[in-house]
Amino acid sequence: MHFRPLHDRVLVRRIEADEKTAGGIIIPDTAKEKPQEGEVIAVGPGARDESGKLVELAVKPGDHILFGKWSGTDVRIDGEDLLIMKESDILGIIVSIAELKKAA
């Protein structure tokens with residue numbers, strides 16, 4: 001199945017946090033928090049402004065993003081747990097140092 005979000009909504013796959021701390025302590029499942037980092041899977045066409053002009057989203061599929069702890073709605077698509085959220089729930093795009101050097 002292919003899913004296409006509407007308007008300014010974004011489909012996100014959570015990126016799971018490490019199961020060990022930097023010091024090597026294993027974190028049990030009961031102590032883990034939901035990850036606030038994810039990868040954009042699909043985006044809607046955008047929202048319309050007051051004049052009716054379509055405003056495209058700032059994120060695109062493949063972007064790694066940071067979002068609020070309680071953002072989005074959990075959904076299951078093709079057996080995979082995903083999130084649907086509005087673009088305004090996204091706090092920012094995570095850019096790796098390698099990508100920054102490549103752009104420079």
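Two strands pair if DSSP finds at least two bridges between them. Strands here are DSSP runs (E, at least two residues), as helices are (H or I, at least four), numbered from the N terminus. This is a predicted model: local features need pLDDT of at least 70, side-chain atom pairs count only at pLDDT 80 or more, and totals for chains, interfaces and linings use all residues. Residues are numbered from 1 along each chain as its sequence is written, and side-chain values use heavy atoms, with hydrogens and water left out.

**Overall fold**
- Of its 104 residues, 24% are buried (under 20% relative accessible area, 1.4 Å probe, protein chains only).
- Among contacts (heavy atoms within 4.5 Å) with a separation of 6 or more, 62% link residues 24 or more positions apart.

**The S6–S7 hairpin**
- S6 and S7 form a hairpin with two residues between them.
- The strands run antiparallel, and five bridges join S6 to S7 (residues 80-86).
- Ile77 has Glu80 in S7 as its bridge partner.
- In the turn, Asp78 has a positive phi of about 50°.

**Ser71**
- Ser71 lies in the loop between strand S5 (64-67) and strand S6 (73-77).
- Ser71 counts as buried because its relative accessibility is 13%.
- Its side chain reaches the backbone nitrogen of Gly68 at 3.2 Å.
- Leaving aside residues up to four places away in sequence, Ser71 touches Leu83, Met85 and Asp89.

Terms used:
Buried means under 20% relative accessible area, exposed over 50%, partly exposed in between (1.4 Å probe, protein chains only). A polar contact is a pair of N or O atoms within 3.5 Å; within protein, one must be able to donate a hydrogen and the other to accept it, and residues adjacent in sequence count only if both atoms are side-chain atoms.
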